[in-house]
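Please look through the structure shown here with an eye to its charged side chains and its pockets. The paragraphs that follow take these in turn.

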Amino acid sequence: MDKILRVKMGEEGGPKTVVEALGEYAGLGGRAMTSTIVSKEVPPLCHPLGEDNKLVIAPGMLSGSVAAMSGRISVGCKSPLTGGIKEANSGGQPSQVLARLGYAAIVIEGQPADDNLYKILINKDGVEITTDNSLKMLGNYAVIDKVKEAYGDKVCAISIGPAGEMKMSAASIAFTDMEQRPTRHAGRGGVGAVMGSKGVKLIVLDDEGMSKRQPADPDKFREANKAWVQGLKKHPVTGEGLPAYGTNVLTNVVNEAGGYPTNNFSTGQFDGASKLSGETQAELETSRGGLATHGCHKGCVIQCSGIFNDKDGNFLTKQPEYETIWAHGGNCGIDDLDTVAQLDRMDDDFGLDTIEMGVAIGVAMEAGLAKFGDAQAAINLLKEVGEGTPLGRILGNGAAVTGQVFGVERVPVVKKQSMPAYDPRAVQGIGVTYATTTMGADHTAGYSVTANLLGVGGNVDGTKPEGQVELSKNLQIATAAIDSTGMCLFIAFAILDQPETFQALLDIISGFSGQPLTADDVSNLGMAVLKAERDFNARAGFTAKDDRLPEYFKKEPLAPHNVTFQVSDEDLDKVFDF
Amino acid sequence: MELSIAVADDHLPKLVGLLAPWFSVRAQVGIDLKTFVCEQLGVHEVYFEERIQTIFLDSKPVDDVATALVHDGSVLALSAAMPGLVGATFRKGGQYSWMRKAISHGGDEKSDQAAHGWVTVKLFNMVLKELGPGFLEQGVWIDGGRVQAFINSQPQVFRQHIQVLPLEGLPVSPDEFLGQDLSDTSIFIKVRTFAE
Ligand code: SF4
């Protein structure tokens, strides 16, 4: 990974590609790469869908190696949804393949003068960019069928669906999985709209003839990787719970806690939760010949994903994640897994963020466009998005726009991005992260390891408001660091609970790079990423006022515990005082 | 109504779905949660300490299993460790427990009034899989309509492995059992296994 590919879409005579050395970006990967490039090169006040925005796609630092779990990819830009900086993260095959092709990032910049759609092919011989208007308004599945026809079943692809072409703020970018299906998405923040605004529909990656990236210290790397895999396998979350039930194992538990946002965040428990649960889902999947345990990319040993077949045993979609099942399920009062799976398939095909769409439909239901629990109405609303009808375009631009158009007060967004599946009144600590992250409401932003492990901030007394703030800060730093390695965030709890597994991770990174690495280095990396992101947002006009939850979370008590969000604005403002 | 289900022993795990989303037990209450789970429900102490990492009593996450008391009418949910930051906040006594302090179980005053009462039990994820068969063999109370719906939802091949026997009564076929209106009837179910 010693080069950056720049795709200049606005050049005279048509798009051109330039391959550059890494220069000042040497050593960066994943979120560190995307956020540094965006922060340095994108004018913060530019229009997100204009020529000055850049779309950066970067494999993690360890991607392309044999390090287990290292195949996550980051996508960065100025977000059309939030107006701030965005990093959206995805699984799938492209991270490994792009890294093996030697690219630390693809930067798509400028804008074509024409309305053509472009396709980029990257292989061992170089880069080719061509117009392909036959792809216009095709869903991601149809696009991939064409990829298979033209390039065979070994390549992988990055694509957008109609939502990206229509530049909707909920548009995602799809990454193909191990079965060459477009099921993995950089979902959040409208990154697909930015790709659409550049006129790029498809990137095909072919690593035939390329080899795996080799570590600088093979012995240290091999030993560390072995300990790493053992650590992940022996932990009850990464070795048992996630493989058996996926992330949807959370449905029953969050619902029991009264923190499961139901009917557009109007209450904290859903009567139909058990029907949507990971336990029910795993049973259903296996009974139909699907899979309850499956990886989203080669090299994943946790395998939190699966295959969801329809009633006739035919592939419908990958195992929908907890967030998706909540957003399209309980948040809309729907308790039917088949409906949720169908909506997931439609989201993947149209190229949409499942969280944003579920929340937007929930807001539409609150506005009276459909009744909570009406599965067919939800399907019809999503169809409108795919077709780009006027109503569909409103919904496809997210919950904040939908709420504004239909005059709904209860709109669960921060920085215009929809909240995920945990009510911040029940779990107030997550509310601190929702409010203050650079990304807009995001559950993964402050997700992972402890302050003590990473040595950023010493012991934290979480029982005090300042402790909650301190820990949220440390979690956000750690998350930014993990997002930069290419490691899946679900490793977090094995490294949290097992110091030797955390050490194995440090040893993998240093065995790979040949440089010594300490926990402090990791936290400094995370801190640098967050500083770059905060700096971008400040220059884009964000202030402390944007680091707030919507007012109703402080006013409306959430059943069954009847609690409101209690963390003060003054405390929220202390999160980023480093 | 009390009934026994006989099932070939290697099919017992498939019946744990009967226990979802909840079942009831009649047991001694007014005692602390740990004593209740280990002594009244018969869960091994080591399993309780190590495997059951997430506990809710009346929807409140529990940290101190010695001060939370189980009462008549309590709802008790048991789960393994959960993924994600929010999952980790629910762990008993975990370092993130402060994040959900607003809803945590604060403990109860000790009571000397131990008596018998009804408790609703929910088992989730690995705990359902691992403890479920034991509960079925021990016997639990489940809504009759749900038992019928569960048996109805099973493939015919599996139904052939099930025999429904009213406890101490004459055997009835699954079809006869399914023909009765049991929607508002709580049934005590005990599962027996036989070698096939
Ligand atoms: S744990 Fe899940 S999300 Fe993470 S890499 Fe594996 S399959 Fe993908």
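**Salt bridges and pockets in a predicted model**

Over all chains, the structure holds 40 salt bridges, a salt bridge being a side-chain nitrogen of Lys or Arg within 4 Å of a carboxyl oxygen of Asp or Glu. This is a predicted model, in which local features need pLDDT of at least 70 and side-chain atom pairs count only at pLDDT 80 or more, while totals for chains, interfaces and linings use all residues. Residues are numbered from 1 along each chain as its sequence is written, chains are lettered from A and ligands numbered from 1 in the order in which they are written, and side-chain values use heavy atoms, with hydrogens and water left out.

One of these bridges joins Glu24(A) to Lys40(A), with the closest N and O atoms 3.6 Å apart. Glu24(A) sits in the loop between strand E2 (16-21) and helix H1 (30-41) of chain A and Lys40(A) in helix H1 of chain A, so the pair ties together parts that are 16 residues apart in sequence; helices (H or I, at least four residues) and strands (E, at least two) are DSSP runs, numbered from the N terminus. Both Glu24(A) and Lys40(A) are exposed, where exposed means over 50% relative accessible area, buried under 20% and partly exposed in between (1.4 Å probe, protein chains only).

Another salt bridge is formed by the side chains of Glu109(A) and Lys54(A), at 3.3 Å from N to O. Because Glu109(A) belongs to strand E6 (residues 103-109) of chain A and Lys54(A) to strand E3 (residues 54-59) of chain A, this pair ties together parts that are 55 residues apart in sequence. Glu109(A) is buried, with a relative accessible area of 11%, and Lys54(A), at 13% relative accessibility, counts as buried too.

Glu556(A) and Arg410(A) also form a salt bridge, their closest N and O atoms being 3.0 Å apart. This pair links distant parts of the chain, 146 residues apart, with Glu556(A) in the loop between helix H23 (552-555) and helix H24 (569-572) of chain A, and Arg410(A) in the loop between helix H16 (399-406) and strand E16 (413-414) of chain A. Glu556(A) is partly exposed, with a relative accessible area of 25%, whereas Arg410(A) counts as buried at 16% relative accessibility.

The largest pocket holds about 1,500 Å³ of space; on a 1 Å grid over the protein atoms alone, a pocket is an open set of points where a 1.4 Å probe fits, with protein on both sides within 12 Å along at least five of seven lines, and lining residues have an atom within 4 Å of a point. Of the 39 residues that line the largest pocket, Thr280(A), Glu283(A), Gly17(B), Phe150(B) and Gln154(B) are the closest to its centre. H10(A) gives the most to the lining of this pocket, with seven residues. By class, the lining of the largest pocket has 17 nonpolar, 11 polar and 11 charged residues.

About 460 Å³ of space lies in the second largest pocket. Of its 23 lining residues, those closest to the centre are Gln93(A), Val97(A), Arg100(A), Asp207(A) and Lys298(A). Helix H2 (residues 94-100) of chain A gives the most to the lining of the second largest pocket, with three residues, and by class this lining has seven nonpolar, six polar and 10 charged residues.

Methods:
Grid points are joined across faces, edges and corners, and a volume is the space filled by probe spheres set on the points. Ala, Val, Leu, Ile, Met, Phe, Trp, Tyr, Cys and Pro count as nonpolar, Asp, Glu, Lys and Arg as charged, and the others, Gly among them, as polar.
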